[in-house]
Amino acid sequence: MTQFTVLVTDDDQDIRDGIEIYLKNEGYRVLKAANGLEALKLIEENEVHVIILDIMMPKMDGIAATFKIREQKNIPIIMLSAKAEDSDKIHGLSIGADDYVTKPFHPMELVARVKSQLRRYTKLGNYQGQQQVIEIDGLILNKEAKDLSIEGESVKLTPIEFKITELLMTNAGRVFSINEIYERVWKEPAYNAENIVAVHIRKIREKIEADPKNPRYLKVVWGVGYKIDK
């Protein structure tokens, strides 16, 4: 049975230690960091399955750390924020955090959020301990074989088209902005990315949708971005 690892990142040692007690009681392995830089180092050195990340920290805050993590990894991130930090919390979610808990919080609420994110990650995420095939209403993506099929028929995608489809299917139900799609797929800062991403989205729709103008899978959320529903 896999023992999942949770990284707790907060500049308050009492908070780190308190969260650790509750997580260990649930059978999790716990790593601790006092700031974003320490967190990034631990992520590179260990297999981490969930990250708890405070927003306000010295050296590197939770917003900057989230952006760095999302350049390479899809590990679930739960942000901790004070009520006065609502704008930072919203920004954190927009660049890739999966959930947030407002301080002060009950430790068991945080544990429940960790369990919820682990279920999502191990079922739909890129956790390597799980199968590499995702199926959504007849649309089947095989990460290992780099293959996409719909209703049993193979769909030929370019490498970029496959990466976009993989990103959206891996995170089914989540809306990605144009800039986030570009940064995740092209691995570089987004600059005038609207047309580039829109062209690739159009080509994907032409290949997977019976009616691209009325898509069954790849949908736009106006003013926000794109998603593939669960």
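This is a predicted model: local features need pLDDT of at least 70, side-chain atom pairs count only at pLDDT 80 or more; totals for chains, interfaces and linings use all residues.
Visitor: What is the order of the strands in the open sheet of five strands?

Guide: The pairing in this open sheet of five strands is parallel, and neighbouring strands are turned by 20 degrees against each other on average, direction ignored. Its edge strands, each pairing on one side only, are strand 2 (29-33) and strand 5 (99-103). Read across the sheet, the order is 2-1-3-4-5.

Visitor: Which residue stands opposite M79 in strand 5?

Guide: Strand 4 (residues 77-82) and strand 5 run parallel and are joined by five bridges. Within this pairing, the residue of strand 5 that stands opposite M79 is Y100.

Visitor: Is D54 buried or exposed?

Guide: D54 is found in strand 3 (residues 50-54), and UniProt, in an unreviewed entry, places the feature "modified residue: 4-aspartylphosphate" at this position. Leaving aside residues up to four places away in sequence, D54 touches T9, D10, D11, G62, L80 and K103. Its relative accessible area is 3%, and because buried means under 20%, D54 counts as buried.

Visitor: Where is P104, which a cis peptide bond joins to K103?

Guide: K103, one of the residues that D54 touches, is joined to P104 by a cis peptide bond with omega of about -5 degrees. P104 itself is found in the loop between strand 5 and helix 5 (107-124).

Visitor: Which strands stand at the edges of the open sheet of four strands?

Guide: This sheet has the order 6-7-8-9, with antiparallel pairing. Each edge strand has a single partner strand, so one side of each is left without a neighbour in the sheet. The edges are therefore strand 6 (133-136) and strand 9 (153-155).

Visitor: Which helix packs on the four-stranded sheet, touching strand 6, strand 7 and strand 8?

Guide: In this sheet, strand 8 (residues 147-150) and strand 9 run antiparallel and are joined by three bridges, with L148 standing opposite V155 in strand 9. The helix in question has a direction that makes about 110 degrees with that of strand 7 (139-142). The helix that packs here, spanning residues 159-170, is helix 6.

Visitor: Are helix 7 and helix 8 roughly parallel or roughly perpendicular to each other?

Guide: The axes of helix 7 (residues 178-186) and helix 8 (residues 194-208) come within 9 Å and cross at roughly 80 degrees. At their contact, I178, I181, Y182 and W186 in helix 7 meet E194, I196, V197 and H200 in helix 8, a group that divides into six nonpolar, one polar and one charged. Because angles of 65 to 115 degrees count as roughly perpendicular, the two helices are roughly perpendicular.

Visitor: What is the relative accessible area of N192?

Guide: N192 is found in the loop between helix 7 and helix 8, and its phi is near 50 degrees, a positive value in a residue other than glycine. K187 also has its place in that loop, with a positive phi of about 60 degrees although K187 is not a glycine. N192 is exposed, and its relative accessible area is 54%.

Notes: Residues are numbered from 1 along each chain as its sequence is written. Side-chain values use heavy atoms; hydrogens and water are left out. Axes are lines fitted to C-alpha atoms, for helices over the stretch in contact, and angles run from 0 to 180 degrees between N-to-C directions. Angles under 35 degrees count as roughly parallel, over 145 as roughly antiparallel, 65 to 115 as roughly perpendicular and the rest as oblique. Contact means heavy atoms within 4.5 Å. Ala, Val, Leu, Ile, Met, Phe, Trp, Tyr, Cys and Pro count as nonpolar, Asp, Glu, Lys and Arg as charged, and the others, Gly among them, as polar. UniProt positions are given in the numbering used here, feature names are shortened, and annotations may be inferred rather than shown by experiment. Buried means under 20% relative accessible area, exposed over 50%, partly exposed in between (1.4 Å probe, protein chains only). Two strands pair if DSSP finds at least two bridges between them.
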